[in-house]
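Me: Could you take a close look at the pocket for me, and at the charged side chains around it? I'd like the cut-offs along the way.

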Amino acid sequence: IDLTSAGPQRIFGIAGKGRIAVGYDADFTVVDLKARWTIEESWLASRCGWSPFTGTQITGRPIGTIVRGNRVMWEAELA
């Protein structure tokens, strides 16, 4: 966690990032680490609409994403 969140915040001096605490932006993703699923293009929400991982079966599925305390994606639906 330190290498991917608190570390960059500390090294680059990014205020309000890197921790889940009062006074910090609430930016994080909730992940079901046991869910197995296959990445499909119908699930993608990127501008390009494709992924090199389409058709790949993986373990671990994002359940929701919170940006600055606002729910932007939950249960595969964009807010």
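Reply: Let's start with helix 1 (residues 2-12), which gives the largest pocket the largest share of its lining, four residues. Helices here are DSSP runs of H or I, at least four residues long, strands are E runs of at least two, and both are numbered from the N terminus. Before going on: this is a predicted model, where local features need pLDDT of at least 70 and side-chain atom pairs count only at pLDDT 80 or more, while totals for chains, interfaces and linings use all residues. Residues are numbered from 1 along each chain as its sequence is written, and side-chain values use heavy atoms, with hydrogens and water left out.

Back to the pocket, which has a volume of about 270 Å³. A pocket is an open set of points on a 1 Å grid over the protein atoms alone, where a 1.4 Å probe fits, with protein on both sides within 12 Å along at least five of seven lines; lining residues have an atom within 4 Å of a point. Grid points are joined across faces, edges and corners, and the volume is the space filled by probe spheres set on them. There are 13 lining residues, and the closest to the pocket centre are Ser 5, Gly 18, Arg 19, Ile 20 and Asp 27. By class, the lining splits into five nonpolar, four polar and four charged residues; nonpolar covers Ala, Val, Leu, Ile, Met, Phe, Trp, Tyr, Cys and Pro, charged covers Asp, Glu, Lys and Arg, and the others, Gly among them, are polar.

Asp 27 meets Lys 17 at 2.5 Å, N to O. Both sit in the loop between helix 1 and strand 1 (28-38), so the pair ties together parts that are ten residues apart in sequence. Shared partners join Lys 17, Asp 25 and Asp 27 into one network: Lys 17 also bridges to Asp 25, with the closest N and O atoms 2.9 Å apart.

How values were computed
A salt bridge is a side-chain nitrogen of Lys or Arg within 4 Å of a carboxyl oxygen of Asp or Glu.
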